[in-house]
Amino acid sequence: LGSITARASPPRSRSGRTMGFVGSRGPLVLSLYLVGFLDLFAVSMVVPLLSRHIKLLGGSSTVAGLVGSVYGLLQLLSSTVIGSWSDVVGRQKVLLITLVLSGFSYGLLGISSSIPLLILARIPTGIFKHTQSILKALLSDLIPEYERPNVMGRFSAASSVGFILGPVLSGYLVELDGGFYTTSFVCSFIFFVNAGVVWRLPYKAWLYTPTKELHLTTEVNYETKCATLQKEKVKNHTTKSVITTTNGAARHKTSNSVWSQCVLVGQNIKGLIHSNLWDVFLVRFLMALANLLYYSNFFLAVEERFNAPPRLIGYLISYGGIIGALSGLIAGSVIGLYNRKVILLLLHSGILTCCTMVMYSVASSIQVVVLCSTVLGFSTTIGRVCITDMELSQGGQQARGTMIGAGQSVTAVARILAPLFSGIVQEFSVCGPPRLGAALALLAILLMASIHSKLNKTTEAKVKLH
C-alpha cells in the first residue's frame with residue numbers, strides 16, 4: 001500500500017516554477033466538471049420534491065422514508081460493484097450506461113401516478129446513479145498525485161454549484177400545473193444531455209499526450225505491471241482479457257464475456273476486502289454520520305430554538321452550500337499550505353468540525369448559527385477532499401473505481417443510519433443530533449490521531465534505516 005505522507009513533489013521548470021499538468025487535457029477536465037455540475041443540478045431539482053409528491057399520491061411519512069431507505073440500500077449494494085466495473089470495462093462506457101439508465105428512471109418517475117410505480121422508478125436510479133464516483137475515478141486517472149486535491153476540490157465546487165441552483169429552478173416549475181412531472185422530465189432530459197457530453201468527451205487529448213507529461217508521480221510502475229499480467233495471460237487462458245499500455249498507463253480490453261468481467265470485478269473487490277484501508281473507511285463513516293446528524297433536523301431545530309422564519313432558514317442552508325463550493329475551489333491551496341500532509345489537515349478539519357457542532361448545540365443566537373454554518377461549510381468540504389485523497393493514496397495498487405465506490409458505500413451506510421439515530425436522540429432534546437454528531441466526530445479525531453502517529457513512526461523508521 002502507498003504511503004499517505006510520502007507524497008511526490010510537483011515537477012518544476014528551470015526557473016523554479018511549478019509546472020502545470022492539465023495542458024492538452026484541459027478540455028477533457030473541464031468537460032468532466034460540466035458533467036458533474038449537470039448531474040447534481042438535475043438531481044437536486046427532483047429529490048427535495050419527492051416527499052411532497054409521495055404525500056400528494058396518498059402516501060404517509062413512513063412511506064416517504066421507506067422510499068428513501070430503498071434508494072440508500074441500493075446505493076450501498078451497488079456502489080462498489082459499479083466502481084469496480086468501470087475499472088474493468090472502462091470509465092466512459094460505464095458512465096454512458098449509468099447516465100442513460102438514470103435518465104430513463106427519472107423519465108419513468110415523471111409518469112408515476114401511484115406509489116408502486118414511483119418505487120419502481122427509483123430502483124434503477126438507486127442501482128446505477130453513481131455519476132460522481134465514476135467522474136472522480138476518471139479524474140484520478142488523468143491527473144498526477146500532486147494535482148489531485150486541487151482538481152478534486154474544483155470538481156466538488158462545480159458539483160456543489162449545481163446542487164445549489166437546481167432547487168431554484170424546480171421551485172418555479174413545481175408551481176405550474178403538473179409541476180412535479182414537468183420537473184422530472186426536465187431532469188431526465190438533462191441526464192440525456194449529460195450522456196451526450198460524455199459521448200463527445202475529447203479522449204484523444206488524453207490518449208496522445210506525450211509520455212513525459214503523463215503521470216509523473218504515479219506510484220505504480222504500470223509497464224512492469226502490464227508485462228507481468230501479459231505473462232500470466234499466456235499461462236492461463238481462462239480469463240479473456242488483454243492488457244495494453246498507452247503512455248505507460250494500463251488499459252484493459254476485456255472480452256464481451258460477462259463472466260470474465262464478473263471475475264475481474266470480484267478480484268478487485270476481494271483485494272479491497274483484504275486491504276488495510278478499513279481504518280480510513282471508518283474515519284469516513286464517522287465523519288459522514290456526524291455531518292448527516294447535524295443537518296438531519298437543522299430546519300426544525302433552528303425554527304424551534306430561535307423562532308426563525310422558514311425563508312431565513314432556507315437562505316441559511318443555501319449560504320452553507322455556497323461556502324462549501326467556495327471552499328472546494330481553495331482546497332488544493334489549503335493542502336499546499338500543509339506541505340501535502342493530508343492526514344494532518346484531515347485531523348485539524350475534524351477538530352474544527354467537532355468544536356463547531358458543540359458550539360451550535362449551545363448557541364444562544366442566530367448569529368452564532370451563521371458562524372457555525374460558515375465554519376462547517378469550510379471544514380466538511382476540506383475533510384471530504386482529504387478523505388478521498390487519503391483513500392486513493394493509501395490504496396496504492398487498488399483499482400481507483402473500486403476504491404471510490406467502496407467509499408461511497410460507506411457513506412451510504414451513514415445515510416441509512418442517520419435518520420434512525422436522529423429520531424432516537426430527538427426524543428430527549430432537539431439539540432441531540434448535533435451533540436451525537438460531535439461525539440462521533442471526536443471518535444474520528446482519536447482514530448485519525450492514531451493513524452497519524454503510526455505514519456510518523458513508519459517515516460522515522462525509514463529515515464533511521466537510510
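Me: The bend at a residue is the angle between two axes, one fitted to the seven residues ending there and one to the seven starting there. So with that in hand, where does helix 14 bend, and by how much?

Reply: At Ile330, where the angle is about 50 degrees. Keep in mind that this is a predicted model.

Me: How do you know that the length of helix 14 fits what a helix should span?

Reply: Helix 14 takes in residues 310-337, which is 28 residues.

Me: Which residues of helix 14 are called buried?

Reply: The label goes to residues under 20% relative accessible area. In helix 14 the buried ones are Ile313, Leu316, Gly320, Ile323, Gly324, Ala325, Ser327, Gly328, Ala331, Gly332, Val334 and Ile335. For the chain as a whole, 49% of the 466 residues count as buried.

Me: Why is Asn307 called exposed?

Reply: Exposed means over 50% relative accessible area. Asn307 has 68%, so it gets the label.

Me: Which residues does Trp199 contact, leaving aside its neighbours within four places in sequence?

Reply: Gln92 and Leu96. A contact needs heavy atoms within 4.5 Å. Trp199 and Leu96 are 103 residues apart in sequence, but their C-alpha atoms are 7.1 Å apart in space. Across the chain, among contacts between residues at least 6 apart in sequence, 81% join residues at least 24 apart.

Me: Why is Cys354 called buried?

Reply: Its relative accessibility is 11%, and buried means under 20%, so Cys354 counts as buried. It is in helix 15. Apart from neighbours within four places in sequence, Cys354 has contacts with Ala438, Ala441, Leu442 and Ile445. From Cys354 to Pro434 it's 80 residues in sequence and 9.3 Å in space, C-alpha to C-alpha.

Me: What about Leu173, buried or exposed?

Reply: Buried: its relative accessible area is 14%, and the cut-off is under 20%. Leu173 belongs to helix 7 (residues 148-173). Not counting residues up to four places away in sequence, Leu173 touches Met45, Gly179, Thr182, Thr183 and Val186. Leu173 and Val186 are 13 residues apart along the chain, with 9.6 Å between their C-alpha atoms.

Me: Why does Ser450 count as partly exposed?

Reply: Its relative accessibility is 32%. Ser450 lies in helix 18 (residues 432-465).

Me: At what angle do helix 6 and helix 17 pack?

Reply: About 145 degrees, with the axes of helix 6 (residues 131-142) and helix 17 (residues 400-426) 9 Å apart. Helix 6 brings Ser133, Lys136, Ala137, Ser140 and Asp141 to the contact, and helix 17 brings Arg400, Gly401, Ile404 and Gln408. Sorted by kind, the residues of this contact are 2 nonpolar, 4 polar and 3 charged.

Me: Which way does helix 6 cross helix 17, left-handed or right-handed?

Reply: Right-handed.

Me: How many helices and strands does the chain have?

Reply: 18 helices and 2 strands.

Technical notes. Residues numbered from 1 in each chain as written. Predicted model: local features only at pLDDT ≥ 70, side-chain atom pairs only at ≥ 80, totals over all residues. Heavy atoms only, no water. Helix = DSSP H or I, 4+ residues; strand = E, 2+ residues; numbered from the N terminus. Expected span 1.5 Å × (residues − 1). Buried < 20%, exposed > 50% of the residue type's maximum accessible area, 1.4 Å probe, protein only. Axes fitted to C-alpha atoms, helices over the stretch in contact; angles between N-to-C directions. Left-handed = near helix turned anticlockwise from the far one by under 90°. Nonpolar A, V, L, I, M, F, W, Y, C, P; charged D, E, K, R; others polar.
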